[in-house]
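Have the sequence and the model open as you read.

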Amino acid sequence: MMHGCRESDSSIVPRKRLHNGEGRATMRSRGQTKAAEAVEGRELAKGKTGEHTRGRTQRRSALQRALDRIRQAARRDHAKPLPALWHHVYDSNRLREAYDGLNREAAPGVDGQTWAAYGETLEANLRDLSERLKRGGYHARPVERVYIPKPDGRQRPIGIPTLEEKIVQRATVAVLNAIYEEEFRGFSSGCRPGRSPHDALDAVTVGMEKRNVNWVLDADLRGCFDAMDHAGLVQFIEHRIGDQRVVRHMQKWLHAGVLEEGQWHAQEEGTPQGGSVSPLAANSYLHDVLDLWADRWRRQYARGDVIIVRDADEFIVGVEHRDAADRFWSELRERMGQCNLELHPEKTRLIELGRFAVERRKRRAQGKPETFDFLGFPHISSTTRNGKFTVRRKTMAQRRRKKLQAVKDTLRRRMHWPIPQQGAWLKSVLLGHYRYYAVPRNGRLLRVFRDTIMRYGCQTLRRRSQRHRMTWPRMYAIAEQWLPKPHILHPYPAQRLCVTTRGRSPVR
């Protein structure tokens, strides 16, 4: 918001007596100016009201109060399904909020509807959508399936819903999150509101440093989103959702199928990744299948300390004793088999890692402790300057190389872009890398990443001419202007975890 205000038109008119006709013309011009400011969305001058902004704030407050009432009802009775939820979804203000929260540049679904085109007659479209949802005339459309490459060379299937599907799913998820956030365990952090991957990373680090953890089970579920049983998922949803209209629409999305190369295919199990409802469906499924079972096993059968941290379909289990770790792994395989899920055989392993791992492996002449990868960071046994055990995290080498190769290829395609344009793009790449990987004790690899990008940039500029004048002093000057130097942006795990959990450990 800018400070001060614009002067009105009358403030620059010389102070002289105006005839009646001139006075009426001035008043009309003031009214036209106010109307024009409201239409164009410009900042209101001093003394003028902001009815639109105030109305939007009031609508958001009303929506938040409705969600608060749902949370209170869910908190009062954890065993009773909650009825009468669907009217919160088809509320026009809820749908408008869902529309405003969508990615405006996202690819359209099978109907070709874009965010901008839908917004040209937004109020009429939302009223029609709300009425169809209210009377039961809404029909789910199939999602368009596309594939994106995975780090291991395979293809990940992604579903692109239609725009109205995105709106309704987003509104439904906002209502259901108010219920399930009272149910989900603290050690689950994937795809949940107010939580990020760094919360899970901090929980793993603090759990290993503060608890007696000697063995780590690094586990990954194979094709979790594609293997969920529809009947079991609906049954889990009905444990807390008593409004059958919500359940029926969830079934519609599960059975809508996918459209691939113009051919419709039924989807008997799983939920397509890409929609707003898929992460919530996966979390609710894994909550009943994995989280509740693991929490109960830890309290009833575990010997010694046990920590659990799950992010979507990837989770870490830290155990104090080897026999307890072997038993948990064996019973976990059996449990996943009963629920139509499978542990990834190549990505699931048990390793020795903890405060005593270095000494014990040295006595057995087994070398340094192994490491495990979690959310893009290898976790390594290390010590602080004072000799205290700690877990060091650094950028995964495979991801760093892949990103640098992508930057190099893009620079070749943009070789003849002006230097300011190239510099602005490289700056955005570096800032995005820093936002995720700038964790404590990872400064050296951040500098390596920046230096490599600077070298690629220099090579690109030198290829623009056979007689280049791009010397290293000149490149250093360009880098000083456009390539920001790395800084550690994330606090130490124990500091942030203490603030965000307020004494409630997410690993317990």
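Q: Leaving aside its neighbours within four places in sequence, which residues is arginine 132 in contact with?
A: Arginine 132 is in contact with Gly137, Tyr138 and Glu164. Contact means heavy atoms within 4.5 Å. This is a predicted model: local features need pLDDT of at least 70, side-chain atom pairs count only at pLDDT 80 or more, and totals for chains, interfaces and linings use all residues. Residues are numbered from 1 along each chain as its sequence is written, and side-chain values use heavy atoms, with hydrogens and water left out.

Q: Why does arginine 132 count as buried?
A: Buried means under 20% relative accessible area, exposed over 50%, and partly exposed in between (1.4 Å probe, protein chains only). Arginine 132 has 16% relative accessibility, so it counts as buried.

Q: Where is arginine 132 found?
A: Arginine 132 is found in helix α6, residues 122-135. Helices (H or I, at least four residues) and strands (E, at least two) are DSSP runs, numbered from the N terminus.

Q: What makes α4 roughly perpendicular to α7?
A: Helix α4 (residues 92-100) packs on helix α7 (residues 163-180) at about 110°, with the axes 8 Å apart. That angle makes α4 roughly perpendicular to α7. Axes are lines fitted to C-alpha atoms, for helices over the stretch in contact, and angles run from 0 to 180 degrees between N-to-C directions. Angles under 35 degrees count as roughly parallel, over 145 as roughly antiparallel, 65 to 115 as roughly perpendicular and the rest as oblique.

Q: Which residues of α4 and α7 meet?
A: Arg94, Leu95, Ala98 and Tyr99 in α4 meet Ile167, Arg170, Ala171 and Val175 in α7. By class, this contact of α4 with α7 has six nonpolar, no polar and two charged residues. Ala, Val, Leu, Ile, Met, Phe, Trp, Tyr, Cys and Pro count as nonpolar, Asp, Glu, Lys and Arg as charged, and the others, Gly among them, as polar.

Q: How do you know that β1 and β4 pair?
A: Two strands pair if DSSP finds at least two bridges between them. Two bridges join β1 (residues 143-149) to β4 (residues 258-260), and these strands run parallel. Valine 143 has valine 258 in β4 as its bridge partner.

Q: In what sense do β1 and β2 pair?
A: β1 and β2 pair in the antiparallel sense, over six bridges. Proline 149 has glutamine 155 in β2 as its bridge partner.

Q: What is the strand order of the open sheet?
A: The four strands have the order β2-β1-β4-β5, with mixed pairing. The edge strands are β2 (155-160) and β5 (263-265), and each pairs on one side only.
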